[in-house]
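Morning, everyone. I have one chain to walk through today, and I'll keep it quick. Please have a look at it before I start.

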Amino acid sequence: MESFAEKSLFEIFEFKRVLGSSLLNNFAIKEAFSKSIGMGFRSPCYPNNIVVSRNELGKPVISLKNKLESYLNDTFGKYVIHVSLTDTKLYSIASVIIEQS
């Protein structure tokens, strides 16, 4: 039988593992986005201008901030951002496609 301390430590480590995985996934999405517009991380496509959130089903959704949003509007006009993410314990792989609409 597990003691209270053992159970609490397990929950803390599990929380850190899930949090770390989420951060890695979000970074993979941001990097895939920066490459999908052909820039990488340089002005105006900095990681802090790319916001990754999840919809009600857990699907990743990208929204843009500051000059990056203006840059995409000027470059693509109307657009839709498609995000695909897969991950394992060791790897996160993201694909981002920008479709002009």
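**An aromatic pair, a core and a patch**

Let me start with F41. F41 is partly exposed, with a relative accessible area of 32%. Keep in mind that this is a predicted model.

What does F41 do with its ring? A search of the whole structure turns up one aromatic pair. The partners are F27 and F41, and the pair is tilted. Centre to centre, the rings are 5.7 Å apart, with 45° between the planes. F27 sits in helix α1, while F41 is in the loop between α1 and β1 (50-54), so the pair ties together parts that are 14 residues apart in sequence. F27 is also partly exposed, at 42% relative accessibility.

Now the overall layout. The chain has two helices and four strands. Along the sequence, the pattern reads α-β-β-α-β-β. Of the 101 residues in the chain, 25% are buried. Take the contacts with a separation of 6 or more: residues 24 or more positions apart account for 37% of them.

Next, the inside. How many residues are in the largest nonpolar core? That core has 16. The residues with the most contacts inside it are F33, I37, I62, L64 and L68. The largest share, three residues, comes from α1.

Pick out I37 from that list. Which residues does I37 contact, leaving aside neighbours within four places in sequence? They are C45, L68, Y71, L72, F76 and I98.

Is N26 buried or exposed? N26 is buried, because its relative accessible area is 17% and the cut-off for buried is under 20%. Not counting residues up to four places away in sequence, N26 touches V52 and R54.

Over to strand β3, and to V83 in that strand. V83 is buried too, with a relative accessible area of 10%. Where does V61 lie relative to V83? The two are 22 residues apart in sequence and 6.8 Å apart in space, C-alpha to C-alpha. V83 also has a list of contacts, again not counting residues up to four places away in sequence. The list runs I29, K59, P60, I62, S95 and V96.

Finally, the outside. The chain exposes about 7200 Å². Carbon and sulfur atoms supply 59% of that. Which residues form a nonpolar patch on the surface? L90, Y91 and I93 do, with about 400 Å² of accessible area together. L90 is found in the loop between β3 (79-87) and β4 (92-100). L90 counts as exposed, because its relative accessible area is 70% and exposed means over 50%.

Key. Residues numbered from 1 in each chain as written. Predicted model: local features only at pLDDT ≥ 70, side-chain atom pairs only at ≥ 80, totals over all residues. Heavy atoms only, no water. Patch = residues over 30% accessible without salt bridge, like charges linked within 9 Å, V, L, I, M, F, W, Y side chains within 5 Å. Areas by Shrake-Rupley, 256 points an atom, 1.4 Å probe, with all protein chains shown as cover. Salt bridge = Lys/Arg side-chain N within 4 Å of Asp/Glu carboxyl O. Buried < 20%, exposed > 50% of the residue type's maximum accessible area, 1.4 Å probe, protein only. Contact = heavy atoms within 4.5 Å. Phe/Tyr/Trp six-rings, centres within 6.5 Å; stacked < 30°, edge-to-face > 60°. Core = buried A, V, L, I, M, F, W, Y, C linked by side-chain atoms within 4.5 Å.
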